[in-house]
Amino acid sequence: MNACALELIGVSKRFGLVKANQDISLCVPSGTIHGIIGENGAGKSTLMSIIYGFYQADSGEIRIQGQTVTIHDSKQAIALGIGMVHQHFMLVDEFTALENIMLGAEGGALLHEGEQRVRKRLAELSRLYGLEVPLDIPVNQLAVGVQQRIEILKTLYREARILILDEPTGVLTPQEADDLFKILHTLKADGVTILLITHKLREIMAITDQVSVMRQGQMVAHRETAATSMPELAELMVGRKVRQSVDRHEQSTGQVLLEVRNLTVRDKQGIARVNKVSLQVAAGEIVGIAGVSGNGQSELLQALAGIIPFSEGEISFAGQNITPKQPVNAARMRELGMAHVPEDRHRMGLVLPFAAYQSSILGYQRVDKYNHGLTLNDPAIRTEYTDRAEQFDIRPRDPFLGSNNFSGGNQQKIVLAREIGADPQLLLVGQPTRGVDIGAIEFIHQHIMDMRNEGKGILLVSVELDEIMTLSDRILVMCGGVITGEVGREQANEQILGLLMANALDPNESQGHSA
Amino acid sequence: MKAATLNKFLSIFLLPVLNILTAFIFTTLLFLVIGIDPWEAAKILVQGAFGYEEGIGYTLYYTTNFIFTGLAVAIAFHAGLFNIGGEGQAYIGGLGVSLVALGLGSFLPPIFLLPLAILAAAAFGAAWAAIPAYLQAYRGSHIVITTIMFNFLAASLMVYLLVNVFSEAGQGMPASRAFPDSASLWTWQAFMAQFGIEFAASPLNISIILALICCVAVWVFLWKTRWGYELRTVGANPEAAIYAGINPKRIIMLAMLISGALAGFVAVNELLGVQHRLVLGFNTGYGFAGIAVALMGRNHPIGVMLAALLFGALYQGGAELAFEIPSVTRDVVVVIQGLIILFSGALEFMYRAPLQRWLLSFAREA
């Protein structure tokens, strides 16, 4: 085996009482792709931040190419040949690729000379690694996959020999992800060492040479990728066997609960974010909406929930015809029997400074059982919350704990318990397991499935194909604000969904599916 | 859990106390620099504010005003709004009081007149706040800017009215004629006399009871009713509010109407309780001090009450100080207030991080 390009020996870091990293040891052999996998909160990001100089370890040692180093800031990390591609890109949107890459390495007061130098070097790099990007277009006009390539070029321009990628595929279509993997292989062939942080088992299996598993701040296992399997890794991540399926009843669907006809939602600039979308959700089915994030799913969900107005079309729900001229707000939608688990629980689903029991009536604060004449009936609200906390295993149970003091998974359970607990006819769910750890994912999936099994209708929006395919009876795919196809549960696979998500399916072939 | 309780203790008790202590330390240094014995000055200040009945009366009379304006700022703050217009709203509240007292004072008995005048104070204050609120909610004009401008508008309007409408012929004074006797609130002296208790004469009047009722009412409203719940939701997370079907525009109107009404009550204390006529600038300073009071009081009615008391004591004790020590002018009192605002407002969290670390390490050892 090659020497270690990056070696960690006994690295520990704690924040207050939380031991984020405990005695982490790791050797990443030079010129390999090394995966680090773990649940949210397992300590992956902390570890990467230590390597990149955002945090200093409390104890332990970092060695780069055999030399013991101390890294105080990202400048030093860069000087040591470490490059980092963050999950959320660190690009100036209005700048071109060239300007972004040059940023911080202008080399003088006047830009011209530096520009020439950067352009020349980029031409070499592009040729070497097949990383083609348009240099003179503002990055906000470029696709996400291209923006990511710019991030990679940025690190290569700074002579990175160790490349850290943090959840790089979260924002990519399957095809874009494949392109990324090709690039990573080319880099590896050139001797670049790559550290891939992810929670997606499939990627680990597809591309890495070795994988290290983190759990609760500790490094629990190192494996040769070829010698392990997805179930083994999943088990190592959560520390117990994971049940990969949910309990689904075979059942026929009932009456149509929600019917949407030619719904168009425009943003402030008048651009159609949702374009003439029609769909139906019947009792006893889960309709999944797949798509790369930002293709109109959020707007669709919010328009249905009465949060944002729509400009054309019609929504029929619970005997009510909703049109742009007769809009219905979110409070009324709830009264009609539509509950909504929003995509972003921090932005919408919870009021973070509120105690958990207070967040547990958000949207239902006017319901009779929570009121007591003029005042809120706090004891009743707390009693109900305590019951739900038990039922949904929300930890810790304390109803007075601030909503912001719960972990992501438990915050999501608070929202889910509230919306499911309201006993709606139809449930809108957006990204139910984003930022939620594996144990809770299974639990949340089962609760959604239980609702379906009880004959309720569910509209599920998710960017995780696994989730869509596990739960949905029918799958609609959105791209650029339109529904590009519909696939039944039995026919669905990543291939066909991926093509529909990129709207690249042969039109003749997709005709049969179009909604 | 343990950490959460410690945090609460920290932000509710320890931080405010430390902030005020810091302000006093700097005040001490200031006194040393200008050659005043700080110990002597502190004694005069405390003695002046709390040492004798008349002094206490003055302190609580100022406190009453600060409670009204402090609550006004606090309630708007919970809706995410910064109401800088307490000054103007109090002033226009005075217009309402005067119209009722002067217009109806001769036919209505006090039992009808006084409630009506109090309602008028609230209604006029609320109306003056309603315009910036509407502009914020439906036109997107920033409420900080509009409420500041409305302070100037109120001042100009009142000067005009006092000079051209209210002033008595031949007097040439920017003040209205005196209110009829039926339009005057019991002084604290008269009120206590009902129970056979003697209390020295002072401007303190039964408005302070209204102020305390307002504290309780604001607390119940904010934390115990669904409207308060909705108001706080809008303040803490406007997007969550829309998600919950709450209309933020209506909440902005609601919060500012209540805020303006509370500020308007300053006129009750000042005009019905003390001046018994509409005078120029009776509101001066109270609206702005209310911002500091709310800030110091963490926008909680109990905190506002305590902060108002502190400011009331500083006003009264400071006046005494200026009287007793010639080298102290009223400006020195303003400087002390400024230091308190600086340390408990602007530098509110200066001690937070180190204290938190210290307390946590303490908790760990325990």
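Two strands pair if DSSP finds at least two bridges between them. Helices (H or I, at least four residues) and strands (E, at least two) are themselves DSSP runs, numbered from the N terminus.

All the views show a predicted model, where local features need pLDDT of at least 70 and side-chain atom pairs count only at pLDDT 80 or more, while totals for chains, interfaces and linings use all residues. Residues are numbered from 1 along each chain as its sequence is written, chains are lettered from A and ligands numbered from 1 in the order in which they are written, and side-chain values use heavy atoms, with hydrogens and water left out.

**View 1. Strand β7 of chain A and its two partners.** β7(A), residues 162-166, pairs in the parallel sense with β6(A), residues 82-85, over four bridges. On its other pairing, with β8(A) (residues 193-198), the sense is parallel too, over five bridges. Look for A:L163: A:G83 stands opposite this residue, and its bridge partner in β8(A) is A:I194. To get from β7(A) to β8(A), the chain goes through helix α6(A), residues 174-189, in a right-handed β-α-β crossover (with the strands pointing away from the viewer, the path from the first strand over the helix to the second runs clockwise).

**View 2. Both faces of β7(A) under cover.** In a regular strand, side chains alternate between the two faces of the sheet. Here A:I162, A:I164 and A:D166 sit on one side, A:L163 and A:L165 on the other, and all are buried (under 20% relative accessible area; exposed is over 50% and partly exposed in between, with a 1.4 Å probe and protein chains only). Because five of its five residues are buried, β7(A) is largely enclosed by the rest of the structure.

View 3. Most residues other than glycine have a negative phi. A:K276, in strand β12(A) (residues 272-282), has phi near 50°. This lysine counts as exposed, at 55% relative accessibility. B:N299 has phi near 60° and is found in the loop between α13 (286-296) and α14 (301-324) of chain B.

**View 4. A cis peptide bond in chain A.** Most peptide bonds are trans. The one from A:R395 to A:P396 is cis, with omega near -10°. You'll find A:P396 in the loop between α13 (378-391) and α14 (408-421) of chain A.
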